[in-house]
Amino acid sequence: MSDALNFLTPCLPEVADLSDPALSQRLQHLLDNKTKPVGALGQLESLALQLGQILGTEAPQLRSPQMLVCAADHGLAARGVSAYPSDVTWQMVENFLAGGAAVSVLARQHGLALTVVDCGVRHDFGPRPEPAPGAARLLVRKVGPGTADASLGPAMSEAECLQAVRQGREVVAGLPGNVLLLGEMGIGNTSAASLLLAWCSGRPVAECTGRGTGLDEPGVARKVAVLEQVMARHAALRDPAQALAALGGFELATLVGAVLQAAAERRVVLVDGFITTAAVLIACALVPTVRQRCVFAHQSGERGHALMLQQLEARPLLSLGLRLGEGSGAALAWPLLQSACLVLAEMASFASAGVSQA
Ligand SMILES: O=C(O)c1ccc[n+]([C@@H]2O[C@H](COP(=O)([O-])O)[C@@H](O)[C@H]2O)c1
Ligand SMILES: Cc1cc2nc[nH]c2cc1C
């Protein structure tokens, strides 16, 4: 855990250091003896090594993968920082539940259980019937009806932030399996993610800010001006907990809790795009050993994601120019994790197949 105390400290789990040089060596030896030139499976080999280290075995098996899509609204959206209106947040949640969104299709394709969490959408979803088997389910863990406008004060109070982080931990504690895939939905949340990146990296807001859902160049310039105001308003943030409360969102804080819990339970965390990576950035600032459990699915087309990945020393698996969020990139990268495990489990060695080594 990070040494400095902050208001989230009482809610932070112990996350053990996974370093096990002997296991790493055995995994590397196994990979080097598979019937291929040394290193020829490229990044799939480092992925296999990481999955083995996370799950603490030479034969990692991925069980019951869970896609968690956290949704919320943002007060900052009223400042015109998005190309779309806030109502799209709840409308897309309905689309997730009806099975028609990109993440719905990809989760179905790959047999990923889909849980959508209302962390603070400005809409009442009302009582829901039990979902059909295989359909997405909605969990209502609403902290409030969207955050406050961060250009006027903190996006959320410390109490609200703590509640969201706690709820993220509880939601994951109630999920089966050993892999958590991260997704999100929230009009305005690229602004929150850009602010968190600017705070964590110390870089100018302009370098951390992109088009989000599709602003044009003048739109991005207006967004940057608003976000610069926000940073000026919150110049005295001392730690990552304060930064999350002042600049973040309810879905971001819930995701931070989800990542912390998954890491504490030694689950594999498959990170999606710009917003879920911002949640991981904060989770790692709070508890650095979380980083060891994170696999980065892709590099988003959103400006700033490359910087975020650089900050985390992460090499993403895919680069498809995706800029959707929802967990779509994580769902697309999922079969690579399955392949990495199968390579370890099922590929013949030079000895077992009778193939000559160099
Ligand atoms: O994950 C990404 O890389 C990503 C990049 C751009 C946009 N998004 C999605 O777009 C929404 C936020 O965009 P915006 O312009 O409203 O801030 C939110 O619902 C995200 O899921 C997501
Ligand atoms: C339509 C739409 C779908 C989305 N999915 C994630 N963010 C989104 C933003 C919009 C605007």
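Trainee: Domain bounds come from an automatic or database domain assignment; which domains does the chain get?

Mentor: Domain 1 is 18-60 + 343-353, and domain 2 is 66-335. This is a predicted model, where local features need pLDDT of at least 70 and side-chain atom pairs 80 or more, while totals for chains, interfaces and linings use all residues. Residues are numbered from 1 along each chain as written, with chains lettered from A and ligands numbered from 1 in written order.

Trainee: How far apart are the C-alpha centres of the two domains?

Mentor: They lie 32 Å apart. Seven residues of domain 1 and eight residues of domain 2 make the contact (C-beta atoms, placed from the backbone, within 7 Å).

Trainee: Switching to helix 3. What does it span?

Mentor: Helix 3 covers residues 87-98, 12 residues in total, and its end C-alphas are 17 Å apart. That is close to the 16 Å expected at 1.5 Å a residue (times one less than the residue count).

Trainee: Which of its residues are buried?

Mentor: T89, M92, V93 and F96 (buried: 20 or more other C-beta atoms within 10 Å; exposed: 12 or fewer; partly exposed in between).

Trainee: What covers the buried residues?

Mentor: The cover includes strand 1 (66-72), helix 4 (102-110), strand 2 (113-120) and strand 4 (179-185). Just after helix 3, G99 has a positive phi of about 90 degrees.

Note on methods:
Domains from an automatic or database assignment. Contact = placed C-beta atoms within 7 Å. Helix = DSSP H or I, 4+ residues; strand = E, 2+ residues; numbered from the N terminus.
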